[in-house]
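Please read the following explanation with the sequence and the structure side by side.

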Amino acid sequence: MTLTPILAQTDALEAALAPTVAGRSLWQDAWRRLRANRAAVASLIILCVIAFASFIGPYLLPWTYDQIDWDHIEALPPDFALGHYLGTDSLGRDLLARTLYGGRVSLSVGILATFVALAIGVSVGAIAGFIGGKTDQLLMRFVDLLYAVPLTFFVIILMVVFGRNFVLIFLAIGAVEWLTMARIVRGQTLTLRRKEFIEAARASGGSTTAIILRHILPNVLGVVIVYVTLTIPQVILLESFLSFLGLGVQDPRTSWGMLINDGAAELEINPRTLIVPAIFMTATLFCFNFLGDGLRDALDPKDR
Amino acid sequence: MWSYFIRRIVIGIPTLWAIITVCFFLMRLTPGGPFDSEAPVPPEILTNLRASYHLDDPLWQQYFSYLGNLLHGDFGPSFKYRDFTVTELIAQGFPVSLQNGAAALVLAVVIGVFLGIVAALAQNTRRDYAVSAIAMTGIVIPNFIMGHLLILIFGLWLKDSIFQLPAGGWEDGAFANRILPVVCLALPYVAYIARIARGSMIEALHANYIRTARAKGLPFRTVVLRHALTSAMMPVVTFLGPATAFILTGSMVVETIFQIPGIGRYFVQGALNRDYTLVMGVTILSAALVIFMNIVVDMIYSVLDPHVRYDEAAS
């Protein structure tokens, strides 16, 4: 009986001394802090629901996004008997199905483009920060140079030149969104480079690539995750902006931006077609922003 | 300090040249041209058209003559607006966009900084959260939704009331026609600036020199407005450089929605019509403007903050 607390104590002591546990506790701490943030948790749940609905939902609905209800080629108000839970657009296509499908496109573009930006930005930032010297100078001058360019214009020119194509949309957006990521990662890497554990890794014969992959990247992960959650909404906005200009995905495929643009055209007669996708999109953007703020507080507590 | 800025300007020129070059070759490599239309033009006329726009010359020759003309401020003829040169179109559209953009920026700075101060002075109270909520809304709702909402409210619902505002058009810059576009353009920046100003103001209010100023017995107002605000303004000023670029992008949306004849709308129409010269002209102008604004912002920065010295080798 009396032994148990002592045993528990030694267990705790061992746990505290074991390096693996000390490394993990940062994430556990962060997770606990995040869970305490009600806005962030609510955002996470709503995002999961929207994502789930967008990717699974269309298979569960009676109508598909491009199917025209030939008996009702008009903007129909919500009608449960016909299976149009949020009504139809002016061509008789189910609004809920289209909104969910649009969500799938918008979210995919947002996530894929962010990963393109992530891959470029983290590589450039880590390499520039870790190798330093001429490489750093060269890469960062290049980033500075691109910063001075109104890149949205370039995305538009690319869309005009190469046509409207789903793959190109996220590649082009990703290719312009990596700059800030590169700067942030470089800054973090610069401070990490001087740390003892990097010196130890180098002394034990680790190659540059190995050190970057094994020691630098895991340590910049926190900042990167925060920035990813803040980049995804920006990409969704940029995509919807392209759609607004008529340069997004092609009809009958759709995205939130396109739906909003279509809805805006019939604003006076039929505001529902604007409001439904607008609510979905703004909710998503809100949630990503709240989640990003929450993650920043959780992962980088020294600021607060 | 001056040598730094001269260097910045000198670096700006090759940047601009790179942009021009990339743009030029991208646009020329495009499949499909400005003369593709629903009703095909007879081949003889097409040949004449291509000849008159020098589209049959070797690419490098077109490139150098374009660069040469650019030095004289000549952006070439517009492919779509046949009677106009791009320079003329820009001369028409640019002042309109510039006025709207400047008005929006001033509005955004005034309101944004005010909201930021209000929130910072009442940190973690209901007032602070209200400002944060407004800021988040402004950032999250894209301006093409906001524009349509404003039209819906002020153009349709409030029609026949004293708050009625024109839903679009320009009318040679009548005041009433400017209100909605400028507000729509300014809202996101109000939000960003309020956020930035709140953060930097909170930081400034915790600084030691503020405590000193208070301890000297200076009135609270003076301390906030003169001492804290000066240093709290710096992140706001830094934001103004990129903000110019955003305003340019924003003007594409706002000018399209409200049908304002500015360069943003010209750019959008040029892009959709494959009007190469117009698109390039607007892009080059915007790039030059953004580069210039970034330099100006750095200058203001060095005036505001005596710590910033550009003499040392810029890292």
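B:Arg198 has a relative accessible area of 22% and is therefore partly exposed; residues are called buried under 20% relative accessible area, exposed over 50% and partly exposed in between, with a 1.4 Å probe and protein chains only. The side chain of B:Arg198 meets that of B:Asp128 in a salt bridge, at 2.7 Å from N to O. A salt bridge here is a side-chain nitrogen of Lys or Arg within 4 Å of a carboxyl oxygen of Asp or Glu. B:Arg198 belongs to helix α7 of chain B and B:Asp128 to helix α5 (residues 126-140) of chain B, so that distant parts of the chain, 70 residues apart, are linked. Helices are DSSP runs (H or I, at least four residues) numbered from the N terminus. B:Asp128, at 0% relative accessibility, counts as buried.

The model is predicted: local features need pLDDT of at least 70 and side-chain atom pairs pLDDT 80 or more, while totals for chains, interfaces and linings use all residues. Side-chain values use heavy atoms, without hydrogens and water, residues are numbered from 1 along each chain as its sequence is written, and chains are lettered from A and ligands numbered from 1 in the order in which they are written.

Over all chains, the count is 3 salt bridges. In chain A, A:Asp136 and A:Arg186 form one at 2.6 Å, N to O. A:Asp136 lies in helix α5 and A:Arg186 in helix α7 (residues 166-193) of chain A, so this pair ties together parts 50 residues apart in sequence. A:Asp136 is buried at 10% relative accessibility, whereas A:Arg186 is partly exposed at 22%.

What is the count of salt bridges between chain A and chain B? The count is 1, formed by A:Asp293 and B:Arg195, whose closest N and O atoms are 3.1 Å apart. Contact (heavy atoms within 4.5 Å) joins 32 residues of chain A to 40 residues of chain B. The two chains bury about 3,300 Å² between them, 83% of it on carbon and sulfur atoms; buried area is the accessible area (1.4 Å probe) that two parts lose on being put together, summed over both.

The largest nonpolar core has 166 residues, and A:Ile156 and B:Phe144 have the most contacts inside it. Such a core is a set of buried Ala, Val, Leu, Ile, Met, Phe, Trp, Tyr and Cys residues joined through side-chain atoms within 4.5 Å. Helix α9 (residues 220-257) of chain B gives the most to this core, with 17 residues.

Methods:
Helices (H or I, at least four residues) and strands (E, at least two) are DSSP runs, numbered from the N terminus.
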